[in-house]
Amino acid sequence: MILEVKDLRKKYGDHEVVKGISFSVKEGEVFGLLGPNGAGKTQTISMLTGVVEPTGGTAVIGGYDIRQQMNQVKKINGLVPQDLALYPTLSARANLNFFGRIYGLRGKALKERVEDVLRIVALTDRADEPVENYSGGMKRRVNIAAGLVHHPRLLFLDEPTVGVDPQSRNHIFESVQRLNRERGMSIVYTSHYMEEVELLCDRVAIIDNGEIIAL
């Protein structure tokens, strides 16, 4: 297993938003978290990637415990958040160089990784334009590339198609399938669209009101 979640909980004051969920993801699997807005999907992803601390329970990613070894976890995780995490006045290539350097990449290795992820998201021909000139769907694709530049073993995609046009949705679907099929990448994909998880995922956990109600 690349990921094992054990009784994970998140509480704000008296309000528990994630209520002791447990699930596992196999190496090389595309695993879906399906649920409506406010179900607890993003809070779960945020705990697994170190954005927020769990209130209870834990998870093990690649053999590392998120409560005690998050620095090691972050080296093998990739996160593509719902909100765009890009510098709009920089080009796609400059953004990816920046994020690659954060992960310790330099020189030839950095250049090769940036070109590789630009190909994956089909943006090589527009890579030197400022991101602020891109359509919403193209920005989403750069956002995905930023989460890929360090070649993570486990990629978290948090509703990556929200607000994008049909053509960009198809590009994103193709990228997810290619990463899994050609690279063997393990992926956790959250969505509230049944057809997306049916198309992309090997298994799906349905989450509602902070609980997994079906798997």
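Start with burial: colour the protein chain by relative accessible area, and 48% of its 215 residues come out buried (under 20% relative accessible area; exposed is over 50%, partly exposed in between; 1.4 Å probe, protein chains only). The model is predicted: local features need pLDDT of at least 70, side-chain atom pairs count only at pLDDT 80 or more, and totals for chains, interfaces and linings use all residues. Residues are numbered from 1 along each chain as its sequence is written, and side-chain values use heavy atoms, without hydrogens or water.

Switch to cartoon. The protein chain shows seven helices and ten strands (DSSP runs numbered from the N terminus: helices are H or I, at least four residues; strands are E, at least two). The radius of gyration is 17 Å, close to the 17 Å from the globule rule for 215 residues, so the chain is as compact as a globular protein of that length (taken over C-alpha atoms; the rule is 2.2 Å times the number of residues to the power 0.38).

Show C-alpha atoms alone. They fill a box of roughly 45 × 35 × 35 Å along the principal axes.

Next, select residues 30-34. This is strand 3, and Val30 lies in it. Is Val30 buried or exposed? Val30 is buried, at 2% relative accessible area.

Leaving out residues up to four places away in sequence, Val30 touches Asn180, Ile187, Leu200, Cys201, Asp202 and Arg203 (contact means heavy atoms within 4.5 Å).
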